[in-house]
Amino acid sequence: MSRLLPVRLLTVATLIVATFSTAAVASDDRKVSAIDVQIDLAALSNAAAAKHYATIEADLENALTSRLVDRTDKDGLKITVDLSEFELSNSWKEAMNLADTRLVGIVSFTDAKNNSNFDNWQQTVDVNSTAKFLPEGTELSKLKPDSDVYYKAMIASFADAVVQRLDQ
């Protein structure tokens, strides 16, 4: 029985590695054919966010494209993002619960060749999930809500969240 234990452990370990390797390969196989981001004026919650209204669609599309440039295929998935809320507020307002810094949207993956290959969810990124995308040494409490640094971190955080879901 003592000789069987190492063999069983080795077998279990091999199965675990094979499972995770297969999952990793499967997620890398998910190719993308198109990315479409939309926002309407009603999605803007404050003036700081309104400053970025003209460029947010292109900025988020570009952030997604840069993360998926090596995963394109004409027969791949279409990613659609319908942004429903966008607010930028400073850390003082956040601490006082007077405002919420967040970007919210409905994200969909659709496959024109396979109707069973789809996904749809509400994605929200906030000041907490965005902090890791700020440049090193940035003091969150000193950032202005209309800062380009803050805005770019929100876009990066949202794009990363979408790509992580694609990889699942």
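Predicted model: local features only at pLDDT ≥ 70, side-chain atom pairs only at ≥ 80, totals over all residues.
1. Residues are numbered from 1 along each chain as its sequence is written, and side-chain values use heavy atoms, with hydrogens and water left out.

2. On the overall layout, the protein chain has 6 helices and 4 strands, taken as DSSP runs numbered from the N terminus (helices H or I, at least four residues; strands E, at least two). Read from the N terminus, the order is α-β-α-α-β-α-β-β-α-α. Among contacts with a separation of 6 or more, 68% come from residues 24 or more positions apart; a contact here means heavy atoms within 4.5 Å.

3. Now the core. The largest nonpolar core holds 37 residues, and Leu60, Val81, Leu83, Phe86, Leu103 and Phe158 touch the most other members. Such a core is a set of buried Ala, Val, Leu, Ile, Met, Phe, Trp, Tyr and Cys residues joined through side-chain atoms within 4.5 Å. Elements giving two or more residues to this core include strand 1 (32-39), helix 3 (56-68) and strand 2 (77-87), but helix 6 gives the most, with 11 residues. Leu83 has contacts that include Val37, Ile39, Leu60, Leu103 and Phe158, leaving out residues up to four places away in sequence.

4. What about the length of helix 6? Its 19 residues should span 27 Å at 1.5 Å a residue, and the end C-alpha atoms are 27 Å apart, so the two agree; the expected span is 1.5 Å times one less than the number of residues. At the start of the helix, a side-chain oxygen of Ser147 comes to within 3.1 Å of the backbone nitrogen of Val149.

5. Ser157 is worth a look. Ser157 sits in helix 6 (residues 148-166) and is buried because its relative accessible area is 4%. The Ser157 side chain reaches the backbone oxygen of Ser129 at 3.4 Å, which falls under the polar contact rule: a pair of N or O atoms within 3.5 Å, where within protein one must be able to donate a hydrogen and the other to accept it, and residues adjacent in sequence count only if both atoms are side-chain atoms. Beyond four places in sequence, Ser157 touches Val125, Ser129, Thr130 and Phe133.

6. Further along helix 6 is Val162, which counts as buried because its relative accessibility is 0%. Val162 touches Leu64, Ile79, Val107, Phe109 and Trp121, again not counting residues up to four places away. Ala161, also in helix 6, counts as buried at 16% and is in contact with Gln123 and Val125, leaving aside neighbours within four places. Ala161 and Gln123 are 38 residues apart in sequence, yet 7.7 Å apart in space, C-alpha to C-alpha.

7. Arg102 stands opposite Asp126 in strand 4.

Conventions:
Buried < 20%, exposed > 50% of the residue type's maximum accessible area, 1.4 Å probe, protein only. Pairing = 2+ DSSP bridges.
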